[in-house]
Amino acid sequence: MPRALPSPKILKKRTKEFVRFQSDRFKRVKPNWRKSKGIDSRIRRGFRGARPCPNKGYGSDNRTKYKLPNRFYGFRINNVGDLDVLLMQNRKFAAIVASGVGGKKRKQILERAAQLDVRVVNPEARLKSEEHE
């Protein structure tokens with residue numbers, strides 16, 4: 001298995017979800033975030049004590065943006081030929097086998113990934129039920 005290139009620790013500035021204003025007061029208002037648009041809204045105007053709103057200050061560090069927890073970038077694989085793209089980038093990118101790929105082709109992809117020394121993020125998917133039968 002290839003090891004990821006050294007990179008800084010992945011730090012999230014906020015892991016809690018942003019909650020919609022007044023979603024705790026009314027059942028009809030779901031907690032999914034929606035921007036407040038009222039002309040007098042305390043939330044929109046950003047008063048002290050109002051709940052936090054998403055903004056660009058919560059963005060990830062550019063050096064760790066889009067990285068998976070295993071410090072690789074994800075690359076979706078739909079067929080065996082897609083793996084050849086990762087031949088020289090196997091320490092930076094990890095293969096993610098697409099969900100629509102069937103069991104037979106998935107086995108071929110895993111075998112080819114082992115030959116090319118490419119890490120696969122989801123190697124067990126769809127293969128467990130077939131091997132137990």
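This is a predicted model: local features need pLDDT of at least 70, side-chain atom pairs count only at pLDDT 80 or more; totals for chains, interfaces and linings use all residues.
Which residues does isoleucine 109 touch, once its neighbours within four places in sequence are left aside? The contacts are Ile77, Asn78, Asn79, Val80, Leu83, Val97 and Val101.

Several of these names come back when we look at the nonpolar core. The largest such core has twelve residues, and Ile109 is one of them. Among the other members are Ile77, Leu83, Val97 and Val101, while Ala95, Ala98 and Val120 also belong to the set. Strand S2 (93–97) and helix H2 (103–116) each supply at least two residues of this core. Helix H2 gives the most, with three residues.

**The overall layout**

Now let us step back and view the whole chain. How many helices and strands does the protein have? There are three helices and two strands, and reading along the sequence gives the pattern α-β-β-α-α. The radius of gyration is 22 Å, well over the 14 Å that the globule rule gives for 133 residues, so the protein is more spread out than a compact globule. Along the principal axes, the C-alpha trace spans about 60 × 40 × 20 Å.

Of the 133 residues, 23% count as buried. The protein exposes about 10300 Å², and carbon and sulfur atoms supply 50% of that area. If we take the contacts with a separation of 6 or more, residues 24 or more positions apart account for 49% of them.

**Charged pairs**

Side chains of opposite charge can pair when their charged atoms come close. The structure holds three salt bridges, and the table sets them out.

| Arginine | Aspartate | N to O distance |
|---|---|---|
| Arginine 51 | Aspartate 24 | 3.8 Å |
| Arginine 63 | Aspartate 61 | 2.9 Å |
| Arginine 112 | Aspartate 84 | 3.3 Å |

Let us take these pairs one by one. Arginine 51 and aspartate 24 meet through their side chains. Arginine 51 lies in the loop between helix H1 (42–45) and strand S1 (73–77), and aspartate 24 lies in the segment before H1, so the pair ties together parts that are 27 residues apart in sequence. Are these two partners buried or exposed? Arginine 51 counts as partly exposed, at 27% relative accessibility, whereas aspartate 24 has 60% and counts as exposed.

Next come arginine 63 and aspartate 61, which also form a salt bridge. Arginine 63 is exposed, with a relative accessible area of 53%. Aspartate 61 is partly exposed, with a value of 33%.

The remaining pair brings us back to helix H2. Arginine 112 and aspartate 84 join their side chains in a salt bridge. Arginine 112 lies in helix H2 and aspartate 84 in the loop between S1 and S2, so this pair ties together parts that are 28 residues apart in sequence. Arginine 112 counts as partly exposed, at 28% relative accessibility, and aspartate 84 is partly exposed too, with a relative accessible area of 41%.

**One more residue in the loop**

The loop between S1 and S2 also holds glutamine 89. Glutamine 89 is partly exposed, with a relative accessible area of 34%. How far apart are glutamine 89 and glycine 100 in space? From C-alpha to C-alpha they are 24 Å apart, and in sequence they are eleven residues apart.

Key:
Residues are numbered from 1 along each chain as its sequence is written. Side-chain values use heavy atoms; hydrogens and water are left out. A nonpolar core is a set of buried Ala, Val, Leu, Ile, Met, Phe, Trp, Tyr and Cys residues joined through side-chain atoms within 4.5 Å. Buried means under 20% relative accessible area, exposed over 50%, partly exposed in between (1.4 Å probe, protein chains only). Helices (H or I, at least four residues) and strands (E, at least two) are DSSP runs, numbered from the N terminus. Contact means heavy atoms within 4.5 Å. A salt bridge is a side-chain nitrogen of Lys or Arg within 4 Å of a carboxyl oxygen of Asp or Glu. The radius of gyration is taken over C-alpha atoms; the globule rule is 2.2 Å times the number of residues to the power 0.38. Accessible areas come from the Shrake-Rupley method with a 1.4 Å probe; for residues, only the protein chains shown count as cover.
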